[in-house]
Amino acid sequence: MSKLLIQGGRALSGEVTVQGAKNSVLPILAATLLSGETVRVENCPRLRDVDAAIRILQSLGCRTMWQGDTLEVDAAELSQCTIPDALMREMRSSAIFFGAVLARCGEVEFSYPGGCELGPRPIDLHLAGLRQLGAEIEETGGTLRCRAKSLCGQTIPLRIASVGATENLMLAACGAEGVTTIVNAAREPEIVDLQNFLNACGGQVSGAGTSTVTVVGQRLLHGCTYRIMPDRIVAATYLCAVMSAGGETFLRGAREEDLAALTAVLREAGCTVRGDAAGIGCICTQRPRAVAPVCTAPYPGFPTDAQAILMAAMLRSRGATVFEENIFTNRYRHVDELVRMGADIRVFDRTAVVTGTPVLHGTAVCSTDLRGGAALCVAGLSAEGETVVSGIEHIERGYADIAADLRCLGAQIVKT
Ligand code: EPZ
């Protein structure tokens, strides 16, 4: 199996262009099912999760074609409305597809997506919302069959501001008669990107980015060409890499408005961060200072996906920082691997206390999940000696080429 070899202990310097956003392209690929014409998705990152999404689209009868970093999808003729079990299990976020299939075909069959490294990933909010739109859902032995002679627009309050449920219900609502209002909708930038995509295809969606999203349903959407937003968590990763190793960087295409909660922490830790229309610059010339408690929350709060990454950058800080993971129940699996490198981290349920140590030691570590694996790379950049990261298939789910990107920033990192 491939590994990443990182020679740490040297400051970074360089520029890199930030890839398209995984968490935007996945729902947008699901949304292509709502169009009867060809859609061109530009700035589409080549990721394991995108490959899985393409296999789901192809299994439903779509034709897909790569042209450089543009993925062309033709969903004019769908051949079936069952999402294969193996594909549902391969990628947690495959749940995002069933709302669009139901809207397009009037029925959809799928199995419960598998749990994942972060803890249980229920879909009760997705299913409750579809029922409110008029879907009849039967479950037998883990397989769910949804049918709806017609979907009818409703006001759907969400118990939790779930990203996936908001996106799934936006897509289902596109196929409903009348107006659907999602209340307590998630406000992530990726949801705004999805709205912009749907409207580029002739949809009538508004309110994304606020807690109330409104969709005027209609039949098939038309085609469009759409450019995916930059990946804010990949940008967060590289900003934290510079804070971890020291140095300076410029992330071309990154949007500071997507990352305000993180950049505020970087500034509090002593980094100089400047965002403009071209991207985000970051300079860190000293060991980070400890910061006030970092509590993950739905956007615009501190992103759960950046929790492990920031933690890795704080391991050699001056003082102690408290982290509180409020979104997922099992998102500290990277801690044991960081402790193997000499980190001082104590975990109590949802709380982790990171006490900075002057030195980290490179060693062999194993990725536990996507962002936990990226965190190991961030820690390896500031460790003395060589860090060997295995399990990098987790990292490749969300990073097109983390080694090449970090080499652009001056890191000594190679994939074996
Ligand atoms: C999305 O996952 C992202 N994935 C995750 O990124 C991200 O961590 C998460 O949102 C939170 O921001 C994609 O966009 C593909 P949720 P999602 O529904 O939609 C509970 C990464 O690293 N919940 O907002 O699955 C759930 O258990 C990934 O790129 C229910 O209880 O997250 C969790 O505790 C990891 N019932 C909370 O809501 C439901 O029906 C937030 O989950 C749905 C969710």
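**First stop: Leu33**

Select Leu33, which lies in the loop between H1 and S3. The model is a predicted one. Is Leu33 buried or exposed? With a relative accessible area of 0%, Leu33 is buried, because the category requires a value under 20%. Next, display its surroundings. Leaving aside residues up to four places away in sequence, Leu33 touches Leu57, Leu60, Cys62, Ala75, Leu78, Phe97, Ala100, Val101 and Arg104.

**Second stop: helix H7**

Select residues 189-200, which form helix H7. Its 12 residues, at 1.5 Å a residue, should span 16 Å; the end C-alpha atoms are 17 Å apart, which agrees. Within H7, colour the buried residues: Pro189, Glu190, Ile191, Asp193, Leu194, Gln195, Phe197 and Leu198. What covers these buried residues? The covering elements include the helices H1 (22-31), H6 (163-173) and H8, together with the strands S3 (38-42), S13 (204-206) and S15 (224-227). Then move just past the end of H7 to Gly202, which takes a positive phi of about 95 degrees.

Show H8 (residues 232-245) together with H12 (residues 370-382); their axes come within 8 Å and cross at roughly 25 degrees. Angles under 35 degrees count as roughly parallel, and H8 and H12 are therefore described in that way. Their crossing is right-handed. To view the contact itself, select Ile233, Thr237, Cys240, Ala241, Ser244 and Ala245 on H8, which meet Arg371, Ala374, Val378, Ala379, Leu381 and Ser382 on H12. By class, this contact comprises eight nonpolar, three polar and one charged residues.

**Final stop: Ile327**

Select Ile327, in the loop that runs between strand S20 (320-324) and helix H11 (335-340). Ile327 has a relative accessibility of 33% and so counts as partly exposed. Which residues does Ile327 touch, not counting those up to four places away in sequence? They are Thr296, Ala297, Pro298, Thr304 and Arg350.

Technical notes
Residues numbered from 1 in each chain as written. Predicted model: local features only at pLDDT ≥ 70, side-chain atom pairs only at ≥ 80, totals over all residues. Heavy atoms only, no water. Axes fitted to C-alpha atoms, helices over the stretch in contact; angles between N-to-C directions. Helix = DSSP H or I, 4+ residues; strand = E, 2+ residues; numbered from the N terminus. Parallel < 35°, antiparallel > 145°, perpendicular 65-115°, else oblique. Left-handed = near helix turned anticlockwise from the far one by under 90°. Contact = heavy atoms within 4.5 Å. Nonpolar A, V, L, I, M, F, W, Y, C, P; charged D, E, K, R; others polar. Expected span 1.5 Å × (residues − 1). Buried < 20%, exposed > 50% of the residue type's maximum accessible area, 1.4 Å probe, protein only.
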